[in-house]
Amino acid sequence: MSRIGKNPVVIPAGVTVEVAEGVITVKGKLGQLTQEFSDVTVKVEDGQVLVERSSDHKDQRAKHGLYRSLVNNMIIGVSEGFTKSLELVGVGYRASNQGNKLDLALGFSHNIVLDIAPEVTLETISEKGKNPIVKLTSFDKQLVGQVAAKIRAFRKPEPYKGKGVKFVGEVLRRKAGKSA
């Protein structure tokens with residue numbers, strides 16, 4: 001039995017969960033999320049969501065904990081939301097935004113302009129003497145992670161000086177460089 005899959009997901013106040021024909025819908029104050037599921041059964045009972053499987057087949061074992069985690073992330077997302085922060089480390093690296101357009105100066109010959117999905121709230125923080133920070137907030141955990149990974153992929157941190165786009169709090173593995 002999956003240790004994660006057998007734990008029930010508690011539904012907080014203000015969140016509604018509906019299950020119909022292989023699709024689970026979660027509505028809350030921040031938005032609405034839907035997720036298709038297969039090979040497991042999802043039940044809503046007594047303010048909890050239970051994910052169960054009918055057999056110990058490999059596909060069902062694999063998806064048991066997965067769907068429980070997806071439902072949990074959906075419920076947390078529509079009630080509290082998710083935030084990812086990226087830090088731009090390097091001389092001349094800048095970030096600014098106009099609405100949902102992110103403008104990044106990452107040392108290339110041109111600026112990178114990226115259109116962010118409308119479900120994601122974008123905020124850039126630039127203080128003198130500190131590295132610029134890009135904050136992404138949304139109710140969809142997968143979407144926030146995907147957008148953050150796309151921004152980080154423009155200039156990954158290098159191991160010698162640590163220049164590049166990194167997550168706030170990320171620990172980089174540093175190398176010594178040439179010995180004289």
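Among contacts in the protein between residues at least 6 apart in sequence, what percentage join residues at least 24 apart? In this predicted model, the share of such contacts that join residues at least 24 apart is 51%.

**View 1. Overall fold of the predicted model, with two helices and 13 strands.** The radius of gyration of the protein is 21 Å, whereas the globule rule gives 16 Å for 180 residues, so the protein is more spread out than a compact globule. The C-alpha trace spans about 65 × 40 × 25 Å along its principal axes. Of the 180 residues, 35% are buried, and the accessible surface comes to about 11100 Å², with 49% of that area belonging to carbon and sulfur atoms. The side chains include 28 that are positive and 19 that are negative, and the centres of these two sets lie 13 Å apart.

**View 2. The largest nonpolar core, a set of 20 residues.** The residues with the most contacts inside this core are Leu88, Leu102, Leu104, Ile116, Val134, Leu136 and Ile151. Two or more residues each are given to the core by strand 7 (82-89), strand 9 (101-105), strand 10 (112-115), strand 12 (133-138) and helix 2 (141-153), and helix 2 supplies the largest share, namely five residues. As general background, nonpolar side chains tend to be buried together in soluble globular proteins.

View 3. Once residues up to four places away in sequence are set aside, Leu88 touches Tyr93, Arg94, Ala95, Leu104, Leu106, Asn131, Pro132, Val134, Gly164 and Val165. Two of these partners, Leu104 and Val134, are listed with Leu88 among the residues that have the most contacts inside the largest core.

**View 4. Thr121 in strand 11 (residues 121-125).** Apart from neighbours within four places in sequence, Thr121 is in contact with Lys135, Leu136 and Thr137; among these, Leu136 also belongs to the largest nonpolar core. Thr121 and Asn100 are 21 residues apart along the chain, and their C-alpha atoms are separated by 7.3 Å.

**View 5. Glu21 and Asp46, two loop residues with positive phi.** Glu21 sits in the loop between strand 2 (16-20) and strand 3 (23-27), and its phi is about 50 degrees, a positive value although the residue is not a glycine. Because its relative accessibility is 83%, Glu21 counts as exposed. Asp46, in the loop between strand 5 (41-45) and strand 6 (48-52), likewise has a positive phi of about 50 degrees without being a glycine, and its relative accessibility of 79% means that Asp46 also counts as exposed. For background, most residues other than glycine have a negative phi.

**View 6. Thr16 in strand 2.** With a relative accessibility of 41%, Thr16 counts as partly exposed, since that class lies between the cut-offs of under 20% for buried and over 50% for exposed. The C-alpha atoms of Thr16 and Val44 are separated by 9.9 Å, with the two residues lying 28 residues apart along the chain.

Notes:
Residues are numbered from 1 along each chain as its sequence is written. This is a predicted model: local features need pLDDT of at least 70, side-chain atom pairs count only at pLDDT 80 or more; totals for chains, interfaces and linings use all residues. Side-chain values use heavy atoms; hydrogens and water are left out. Helices (H or I, at least four residues) and strands (E, at least two) are DSSP runs, numbered from the N terminus. The radius of gyration is taken over C-alpha atoms; the globule rule is 2.2 Å times the number of residues to the power 0.38. Buried means under 20% relative accessible area, exposed over 50%, partly exposed in between (1.4 Å probe, protein chains only). Contact means heavy atoms within 4.5 Å. Accessible areas come from the Shrake-Rupley method with a 1.4 Å probe; for residues, only the protein chains shown count as cover. Lys and Arg count as positive and Asp and Glu as negative; His and the chain ends are not counted. The place of a charge is taken as NZ of Lys, CZ of Arg, CG of Asp or CD of Glu. A nonpolar core is a set of buried Ala, Val, Leu, Ile, Met, Phe, Trp, Tyr and Cys residues joined through side-chain atoms within 4.5 Å.
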